Amino acid sequence: MKKIIASLAITLIFIGGTSFGNAADLPDEQLGNPPAPTSAGYSGVNYDDQQTLKRSFSYLESWNSANYAQSGSTPCASADEEPCASSNLIFFETPVSPCSSSINDDCLVSLEAKNDAGQWVSGSLVETVTPSFPTMGTEALKKYFHPYKGNPSRGIPNPGSPSIWKFPGISHANGDEFLIVPKFNAEMLDNKGQKPIFLDVGIFPITRTQNNSNCFFYSSKECFLRWPFKAESSFRVVIKTHSHLVGWFHGRISGPEISTQVLSDGQTQVSIAGTVVQVPILAAWAKNTELPKDLNDAIQKEFEDRGNQFAGTASIGGNTKDRALQTVMDDRNMAFDQNTMWRYIQWLKVANDKAYATNSTWSFRSMKETGQFSDCIGTKGLSGMVTTNSNAYLAGPPNFEDGSLTYKVASPHFNSKGEVQVGTYDLAIRSDVARCIYNFSKAPIQATLSIVYDTGEARTATTVVSERDGWLHLSAKNFTYSNPTIKVKLTQEAAPAATPKETPTPAATLPAPAKSTITCVKGKTIKKVTGLKPACPLGYKKK
């Protein structure tokens with residue numbers, strides 16, 4: 001007899017609208033933002049989360065208050081000097097250097113790649129690079145690119161550097177050098193370093209040149225063009241840190257293999273491996289007066305809430321009090337939570353169901369928080385990871401609602417070449433964490449996975465479910481973004497009954513995690529959500 005414990009439903013969202021073409025002679029990885037309109041009164045977006053790694057700053061500062069619109073900040077030369085020494089509102093960002101005889105804290109332990117024979121080979125360090133920002137003014141450079149002395153015991157690492165690597169017998173579309181940008185950053189870090197530090201890591205095939213408007217990354221002496229990976233390229237990154245990393249990761253790889261351990265010096269070492277995926281990029285411009293009303297209203301409200309400041313890159317500055325006199329590209333890539341997912345879906349109405357670019361990508365990042373599963377995930381070690389090639393997705397563990405786990409992603413239906421975009425989804429969750437969430441016993445977990453489209457049609461897709469080495473792995477490949485639902489039912493064999501000759505030892509009874517029910521409303525629709533820490537679905541508000 002089997003008892004069904006939970007089901008996992010991942011909703012993939014597709015909406016159509018208007019899109020941009022791209023330069024046929026360039027690989028998509030070199031396109032950058034779409035060309036800006038030449039007149040004012042336009043808003044744009046570029047949802048490419050790799051842009052956060054393109055700007056690899058090193059700075060440390062203390063903010064005067066948590067109100068971004070009204071607060072100022074003060075750069076610090078050291079974490080042990082005021083105002084940073086006692087501040088509970090610390091911002092910092094820095095790349096991560098390779099470990100060496102002189103660098104043993106908060107560093108890149110190793111980088112490996114898989115060769116054609118399927119064997120892992122170690123990379124050799126070519127050099128570290130000092131980032132540069134030729135388009136930034138002097139004052140901005142002083143603020144966002146200055147050396148400082150960290151304090152690892154407070155979760156503030158010393159500044160580091162991105163690095164370039166080669167692998168024996170491994171190349172990419174136009175060479176054999178690979179840039180890795182691992183980066184730590186924190187926002188509103190408390191004085192004792194108890195809040196999470198965010199880790200953002202990306203690998204990029206590169207060639208070097210002196211000056212090119214399509215460069216992805218600039219060093220102090222040259223710039224680097226980004227190129228596609230070879231198909232099925234796989235990499236493994238190992239990083240160690242004193243900083244507190246939240247226990248859930250998300251990213252742009254397929255078939256993730258993850259592990260973590262606490263070292264004798266107190267640092268946490270994280271190892272993540274996986275294969276490159278093709279990620280569709282949504283980028284579009286639209287006249288403010290032609291935007292969907294709800295979207296335009298939301299942008300206007302944010303503009304006013306920020307003290308009439310736009311977030312993004314201004315092509316036309318104009319009067320800062322009036323959006324009609326400005327043209328601004330929002331390239332913050334905010335598409336990883338419920339509110340920003342809603343905005344992404346609105347932009348899909350403008351983007352005509354076709355991606356502006358399709359980039360081969362290998363990256364991952366940690367979470368800010370773990371929501372309703374924090375009690376099971378805890379504060380130590382790596383508990384799980386969601387990876388997908390979807391342009392927008394909810395980054396955390398799947399939400400529990402109506403007895404199911406739900407995970408939402410959204411992408412254009414077509415890639416930049418006009419072909420149907422093929423989706424990938426992987427969930428790896430530590431077995432003990434899954435047992436905590438679902439109140440499992442120690443018996444083996446079974447699972448079945450199916451993909452059903454909104455028409456009721458079940459199309460061909462590759463699905464894999466397994467439990468090994470203390471991890472539960474769920475994988476779906478080769479589906480499309482035409483609104484299917486992926487469902488995973490987790491089951492467990494009931495414990496065998498005792499025989500008459502046996503005197504069973506009473507098992508300790510553990511209290512099940514307390515669940516609660518909330519009421520959510522959307523217009524006239526009422527929905528009840530039950531869970532450990534229930535949250536309303538996208539578009540609903542708690543009553």
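Trainee: What is the bridge partner of Ala113 in β7?
Mentor: Val121 is the partner of Ala113. This is a predicted model, where local features need pLDDT of at least 70, side-chain atom pairs count only at pLDDT 80 or more, and totals for chains, interfaces and linings use all residues. Residues are numbered from 1 along each chain as its sequence is written, and side-chain values use heavy atoms, leaving out hydrogens and water.

Trainee: What makes β6 and β7 a pair?
Mentor: Two strands pair if DSSP finds at least two bridges between them. Strand β6 (residues 107-114) and β7 have three, in the antiparallel sense, so they pair.

Trainee: Why is Ser271 called buried?
Mentor: Buried means under 20% relative accessible area (1.4 Å probe, protein chains only), exposed over 50%, and partly exposed in between. Ser271 has 14%, so it is buried. Ser271 lies in strand β17 (residues 268-275).

Trainee: Why are α3 and α4 called oblique?
Mentor: Helix α3 (residues 293-305) and helix α4 (residues 338-350) pack at about 130 degrees. Under 35 degrees counts as roughly parallel, over 145 as roughly antiparallel, 65 to 115 as roughly perpendicular, and the rest as oblique. α3 and α4 are therefore oblique to each other.

Key:
Helices (H or I, at least four residues) and strands (E, at least two) are DSSP runs, numbered from the N terminus. Axes are lines fitted to C-alpha atoms, for helices over the stretch in contact, and angles run from 0 to 180 degrees between N-to-C directions.
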